[in-house]
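Trainee: I'd like to learn how to read a model like this one. Can you walk me through it?

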There are 2 protein chains.
Amino acid sequence: MQELVLGIDVGGTNTKFGLVNREGEIIAEGTCKTGGFPVFKNYLTHLMSNVDEVRANTIEHALIGVGIGAPNGNYYRGTIEHASNLEWKGIVPFVEPLKSYFSNMPIILTNDANAAAIGEMTFGDAKGMKDFIVFTLGTGLGSGIVANGEVIYGSDGFAGEIGHTLVNVFGRTCGCGRKGCLETYVSATGIKRTVYKLLADYMCDSELRGVSFNDLSGKMITDAALRGDFIAVQAFEYTGRILGMKLADTVAHFNPEAIFLFGGLVNAGNLLMNPAKFHMEDNMLHCCKGKVKLLVSGLQNKNAAVMGASSLAWREIDKAR
Amino acid sequence: MQELVLGIDVGGTNTKFGLVNREGEIIAEGTCKTGGFPVFKNYLTHLMSNVDEVRANTIEHALIGVGIGAPNGNYYRGTIEHASNLEWKGIVPFVEPLKSYFSNMPIILTNDANAAAIGEMTFGDAKGMKDFIVFTLGTGLGSGIVANGEVIYGSDGFAGEIGHTLVNVFGRTCGCGRKGCLETYVSATGIKRTVYKLLADYMCDSELRGVSFNDLSGKMITDAALRGDFIAVQAFEYTGRILGMKLADTVAHFNPEAIFLFGGLVNAGNLLMNPAKFHMEDNMLHCCKGKVKLLVSGLQNKNAAVMGASSLAWREIDKAR
């Protein structure tokens, strides 16, 4: 009987899940709402009935593990903690109540970026690497760090918050309450802010001049840049420059073999990668110059969230075997 | 028969060594010159004859390992690489030629800051900690990082170069060829530069106004500050502020349980620790506020260099047992 694990990706709007084999193939999948359940227990019941339905329609299989990627997911405690874009406030135990649904198998939870890093190591282009970092460029900027072949969670589960390192002490206000954090520049929201700054700085034509801030999306900026829109291209240049400078600092901390970028903004290709590479090398300490690969994630444009979540469980199972 | 390991600390001027037991006690020690041997092989012969002499005068013992802390020491290759304050240029194999002197025992080399971190874990105040960082404030700023209970060397042995992360892109020139690196502000040399900046900014009296840049030392600044000299006190405030801000970034990367500070500047006590703690907390991401201990190294004012070097070997021996 085929062995599968359940990968669950908890998003702000929807929860995606899938049954994934050891090769990273999603054998069956489903989606349900995350929002609309003020009581967490009711969300879990809803999610589990959706999972049961999908499992019932899947070829006979043995479920041997569950992996969950969630915003502000805490690996040590199996909890979601103070997630600003979910409706459950405070600290929400996730793994513990799940044990009544799935007994005798590993249930692993961590945040999205750590799940992406383990996904990259298990199913993507970091196979065999012992030291690498994945940056996820979404609404914010997440980072999953692997050193000596292990994810760095830190003493309290909060390592990998590179999105909240400082770019400019007088810079943009951040959702975390401080100013000038990296994610206020390098993320889908960050590049929107940069477009608006550039629309103020320059008076040239731009297809983005007719779009309100609320309507503007990372995809619109990417598409405009790929069509050669000056403001959009400059926005990627600006974003790539700040990213590259900070990547040099990240290399000074970890000396990784590779850094992977993941997320919608990465679809702009060289418009983002070229300035990021240039400014990373330009700011790099001599001993590391030319040695650190900056790559697009091997899971880019795949169902990376579900694959990443499932990889949490596969890795735990692999270790135990 | 008592088991001892040989700890060797290669400094720019002198090499210190000691025979150290598992409790970190230095049973016997010696010093010899590092400089004056343009050919590395001759230095090694000189060092080994000094070691032999000390061993001959030490109670009967079994030597079971050798640990070496050296500037720009590469753990993976057992080499010293491009060390600017040593007279051997390029890449110098250290562990390989040492094998003809010491057979059938581990010989481990790494840089001073990593040795300090392993020393803190083995003999100091990081016993039992899995995630912590040691900052060594000497001529430059070194950092040794432990995550998941292991030192992070990175893919090429160059992790822990936090001294070369960016404070200010338009800032002070650094020995590494770039501008605004952390160690140009936070180190014995950095605080000298800060004193000179402050002597220019202010016109108040200071006992440091009669001292040339070349004559000024970290110890003189520390002593003046402890006597209440305004310029010296402000120099520690300035140094502590920049250190604290960057420590918050370091926490965002690693979420350590504790950060240890080591080196002469740390003898200024609260004049350095208070602003460093204040600005670390002030810049800290919400989830880590109040959780990361900032401490003086448990090896401060001990023979930390030799203890740290010996701990490299003890740790390897402990692992194998």
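**Reading the model together**

Mentor: Let's begin where the chains meet. This is a predicted model, and its contact takes 32 residues from chain A and 32 residues from chain B.

Trainee: Which helix of chain A gives the most to the side that touches chain B?

Mentor: That's helix α6 of chain A, residues 230-254, which supplies five residues. Sorted by class, the side of chain A that touches chain B has 14 nonpolar, ten polar and eight charged residues.

Trainee: What rotation superposes chain A on chain B?

Mentor: A rotation of 180° does it, with 0.0 Å of shift along the axis and an RMSD of 0.0 Å. That is the relation of a two-fold axis. Now look at who takes part: 100% of the interface residues of chain A are interface residues in chain B too, so the copies meet through the same surface.

Trainee: How many domains is chain A divided into, and where do they run?

Mentor: Two: domain 1 covers 2-121 + 302-320, and domain 2 covers 129-296. The C-alpha centres of these two domains of chain A are 27 Å apart. Their contact takes 15 residues from domain 1 of chain A and 15 residues from domain 2 of chain A.

Trainee: What gives the most to the domain 1 side of that contact in chain A?

Mentor: Helix α3 of chain A, residues 112-122, with eight residues. By class, the side of domain 1 of chain A that touches domain 2 of chain A holds eight nonpolar, four polar and three charged residues.

Trainee: Let's zoom in on one helix. Which residues of α5 in chain B are buried?

Mentor: In α5 of chain B, residues 218-226, the buried ones are B:Gly218, B:Ile221, B:Thr222, B:Ala224 and B:Ala225. They span an arc of only 165° around the axis, which puts them on the same side of α5(B).

Trainee: What do the buried residues of α5(B) pack against?

Mentor: Three helices of chain B: α4 (188-201), α6 (230-254) and α7 (270-282).

Trainee: And which residue takes a positive phi just after α5(B)?

Mentor: B:Gly228, with a phi of about 90°.

Technical notes. Residues are numbered from 1 along each chain as its sequence is written. Chains are lettered from A and ligands numbered from 1 in the order in which they are written. This is a predicted model: local features need pLDDT of at least 70, side-chain atom pairs count only at pLDDT 80 or more; totals for chains, interfaces and linings use all residues. A residue is buried if 20 or more other C-beta atoms lie within 10 Å of its own, exposed if 12 or fewer, and partly exposed in between; C-beta atoms are placed from the backbone. Helices (H or I, at least four residues) and strands (E, at least two) are DSSP runs, numbered from the N terminus. The arc is that of the directions from the helix axis to the C-beta atoms. Two residues are in contact if their C-beta atoms, placed from the backbone, lie within 7 Å. Domain bounds come from an automatic or database domain assignment. Ala, Val, Leu, Ile, Met, Phe, Trp, Tyr, Cys and Pro count as nonpolar, Asp, Glu, Lys and Arg as charged, and the others, Gly among them, as polar. Copies are superposed by least squares on the C-alpha atoms of residues with pLDDT of at least 70 in both.
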